[in-house]
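Welcome! Let's learn how to read salt bridges together, with the structure in view.

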Amino acid sequence: MKDITGKVMNAMDVFSICIEHLKDNLLTEMKKRFIFDVSIKDIHYVLTVPGIWRNAAKMFMEKAAAQVSFKMNCITYPARFNSLFRGF
């Protein structure tokens, strides 16, 4: 990927950094707002990817999330997750 200045960066790194920022920001905000300690293990993350994406794109997002040490957490993908809520 190229930014507006022409600097090139690996797309996997860009997505991983963005996911990590979201994770870190969530933990920071939760620690500010709750009186009890929040651990990363207390959170169930849902990685949303559009159902029309090809499997290669979905796998790309899965690998990007795995680089952010989500290995210890369960990640749910809406393609597998949506069917649970269709009846509601």
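Q: What is a salt bridge?
A: A salt bridge is a side-chain nitrogen of Lys or Arg within 4 Å of a carboxyl oxygen of Asp or Glu. Keep in mind that this is a predicted model.

Q: How many salt bridges does a search of the whole structure find?
A: The search finds three.

Q: Which residue forms a salt bridge with Arg-33?
A: Glu-29 does, with the closest N and O atoms 3.3 Å apart. The side chain of Glu-29 also meets that of Lys-32 in a salt bridge, at 3.2 Å from N to O.

Q: Where do Lys-32 and Glu-29 lie?
A: Both are in helix 1 (residues 11–33), three residues apart, which is about one turn of the helix. Arg-33 and Glu-29, also both in helix 1, are four residues apart, again about one turn.

Q: Is Lys-32 buried or exposed?
A: Buried means under 20% relative accessible area, and exposed means over 50%. Lys-32 is exposed because its relative accessible area is 60%. Arg-33, at 66%, is exposed as well, while Glu-29 counts as partly exposed because its relative accessibility is 24%.

Q: Which side chain meets that of Asp-24 in a salt bridge?
A: That of Lys-23, at 3.9 Å from N to O. Lys-23 has 9% relative accessibility, so Lys-23 counts as buried. Asp-24, at 35%, counts as partly exposed.

Notes. Residues are numbered from 1 along each chain as its sequence is written. This is a predicted model: local features need pLDDT of at least 70, side-chain atom pairs count only at pLDDT 80 or more; totals for chains, interfaces and linings use all residues. Side-chain values use heavy atoms; hydrogens and water are left out. Buried means under 20% relative accessible area, exposed over 50%, partly exposed in between (1.4 Å probe, protein chains only). Helices (H or I, at least four residues) and strands (E, at least two) are DSSP runs, numbered from the N terminus.
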